[in-house]
Amino acid sequence: MNIIEVSGVLSTSVEQVYRLVEEGYLQLAIRLKIRERLPPFKGAFYLRQVIELRQSLTPLPQSKQITYLPSW
């Protein structure tokens, strides 16, 4: 996945994705040269890792009951 796709899946900005990489929450699947910035359209992330990060950031539901239909 590239930076644009990751920002869409995580519902965040491209700058926030760069911060997640810098802080170690997301790891790159490729190696960059020293001081090279990742281009936005270059695939550099594994889908599984992005989904796992997304699931870890979602809040837990308050109740154990899951409602699929709206309650009136």
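Predicted model: local features only at pLDDT ≥ 70, side-chain atom pairs only at ≥ 80, totals over all residues.
Residues are numbered from 1 along each chain as its sequence is written, and side-chain values use heavy atoms, with hydrogens and water left out.

**Exercise 1.** Work out whether S7 is buried or exposed, and which residues S7 touches.

Solution. 
- Start with the location: S7 is part of helix α1, residues 3-10 (a helix is a DSSP run of H or I, at least four residues, numbered from the N terminus).
- Next, check the accessibility. S7 comes out at 9%, so it counts as buried (under 20% relative accessible area, 1.4 Å probe, protein chains only).
- Then look at the side chain: one of its polar atoms lies 2.8 Å from the backbone oxygen of I4.
- Finally, leaving aside residues up to four places away in sequence, S7 touches T12, S13, V14 and V17 (contact means heavy atoms within 4.5 Å).

**Exercise 2.** Describe how α1 packs against helix α2.

Solution. 
- Get the geometry first: the axes of α1 and α2 (residues 14-22) are 9 Å apart, at an angle of about 95°.
- That makes the pair roughly perpendicular (65 to 115 degrees).
- Now list who meets whom: I3, I4, V6, S7 and L10 of α1 face V14, V17, Y18 and L20 of α2.
- Sort this contact by class, and you get eight nonpolar residues, one polar and no charged (Ala, Val, Leu, Ile, Met, Phe, Trp, Tyr, Cys and Pro are nonpolar; Asp, Glu, Lys and Arg are charged; the others, Gly among them, are polar).

Conventions: Helix = DSSP H or I, 4+ residues; strand = E, 2+ residues; numbered from the N terminus. Buried < 20%, exposed > 50% of the residue type's maximum accessible area, 1.4 Å probe, protein only. Polar contact = N/O pair within 3.5 Å; in protein donor to acceptor, adjacent residues only side chain to side chain. Axes fitted to C-alpha atoms, helices over the stretch in contact; angles between N-to-C directions. Parallel < 35°, antiparallel > 145°, perpendicular 65-115°, else oblique.
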